[in-house]
Amino acid sequence: MVVVAKSSRVRKAKIRRWIIYAITVVVLVILAFTIDWATLQQAFFQPDIIRAMLPEVITIGAKNTIIYTTMAFAFGLILALFLALMKRSTIAPYRWFATGFIELFRGLPALITIILVAFGLPIALGIRVPGGTLGKGTLGLGLVAAAYMAETIRAGVEAVPRGQMEAARSLGMTRGKAMTYIILPQAFRIIIPPLTNELVLLIKDTSLLFVIGTTPLSKELTKFARDFMTETQNATPLTVAAIMYLIITLPLTYLVRRLEKRTNKGR
Amino acid sequence: MSDAPPILIEGLHKYFGELEVLKGVDLSVASGEVICVIGPSGSGKSTLLRCVNLLEQPTSGKVIIEGFDITDPETDVDAVRTKIGMVFQQFNLFPHLTVMKNLTIAQRKVLGRNEDEAVATATAMLERVGLSDKHDEHPIRLSGGQQQRVAIARSLCMNPDMMLFDEPTSALDPELIGEVLDVMRGLALDGMTMMVVTHEMGFANQVADRVLFMDEGIIMEEGPPSQVLGEPRNERTRRFLAAVAQT
């Protein structure tokens, strides 16, 4: 009886799967016949426009996206490290500051933080962040990235067994030396996959930097594509930008998968 | 400081929250003396050991190492700790470093030795624990017994005046215990001052100059192994030894 019940359940699942396949095929066939392929190609894949975008989409757009990402990530990572250590400090005001910072910048939309840095600071405090789009973008995106990465780093530090700190201290290392040489190297090994995820998110967030206002040479990929769209009244630039983003992000996500597999194997 | 005892403990109390784990411990360890601390789990013996190098902060009382009161906030605990080797139940080798780096990193970053000096010391110490061929391995590739011997070598590299062992063989498979005890026996013969928390009664009987039996946060009985292990006067000691003998 049990065997019969089981086999009938398996058969039902099989039938269900075939029905889904059949529906998918029918939908695809209908789409293939109803879609106006010529219009689609006209709107999204115009070779002339693609040619017109080259090589600037790479030498300006992609290059700036990578530069903004790298700078914001580097600044954010250093800031995050300090925040993570402050959050674990025995001195209460440090902890309060770190908690406040992290909650603030994780809670705000990245766009608002960027606008605050670019326009709020000069108006409210008379501070002008130097370095144009790069300077303001690094600061704005870096603050947001730091808030997220601080929690990641803290989790990594806490994942290192307590005995590691005890062994290091027993050998006469100060807290700082034990952190630098023993705890953080192990913590970073653990958090490379989530940090790479942060990097991928950051790449996409650079598209928000258009609000700062850009010069022809400081456009990142999205702004570059949007301006081209306005100019050509066509969506092809969007396709090109999308492909450029994927060329940058796909290897990174692949790398994360590899690293995660390796970390899991090491345990 | 040659006349000051390596370890002097006076009126040591330790609370974890409401729980009083050490209820007034006094102890003086002479230079070259080997002390084995035995007792049931929860008796405070590991806490006592961890108070000696301030891995646990005593609630009250004094811990005086070679004449320096390390419970005094003015004392540079990090400097005193280099004089005290510590071996843990879980080895606590640094998994991201090779065996050689495990042995040299504190020499270089704490004692300020240069690479050549540090490597020379490390090589000598690895030979002493019988693991000369393992210097390029990562700890994870070693057996538990080998890891613990590396941990002992790592402590020895700092040229400590005394060594603390916190149940050094409790995490080991039975067949690996002997190799670690052999290394410890060698250290004792060389005149190292040692304080060993252990369940190895054979080792205590053979190597210890003095055995402490701890229960409920105090030293219930102490004396030479022949007395504490052979003819215990305290009723609790007798019951503990009888329970251990049954396993």
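**View 1. Confidence of chain B in the predicted model.** Chain B has an average pLDDT of 94, with 99% of the residues at 70 or above; pLDDT is the predictor's confidence in each residue, from 0 to 100. Within chain B, strand β7 (residues 162-166) has the highest mean, 97, and helix α9 (residues 235-246) the lowest, 90. The model has an ipTM of 0.93 and a pTM of 0.84. Because this is a predicted model, local features need pLDDT of at least 70 and side-chain atom pairs count only at pLDDT 80 or more, while totals for chains, interfaces and linings use all residues. Residues are numbered from 1 along each chain as its sequence is written, chains are lettered from A and ligands numbered from 1 in the order written, and side-chain values use heavy atoms, without hydrogens and water.

**View 2. Helices α3 and α4 of chain B.** The axes of α3(B) (residues 99-109) and α4(B) (residues 115-128) come within 9 Å and cross at roughly 130°. Helices are DSSP runs of H or I with at least four residues, and strands are runs of E with at least two. Contact (heavy atoms within 4.5 Å) involves, among others, B:Leu103 and B:Gln107 of α3(B) and B:Ala118 and B:Leu126 of α4(B).

View 3. Strands β9(B) (residues 210-215) and β10(B) (residues 218-223) run antiparallel and are joined by five bridges; pairing requires at least two DSSP bridges. B:Met214 has B:Ile219 of β10(B) as its bridge partner. Two residues lie between the strands, and B:Glu216 takes a positive phi near 50°.

Technical notes
Axes fitted to C-alpha atoms, helices over the stretch in contact; angles between N-to-C directions.
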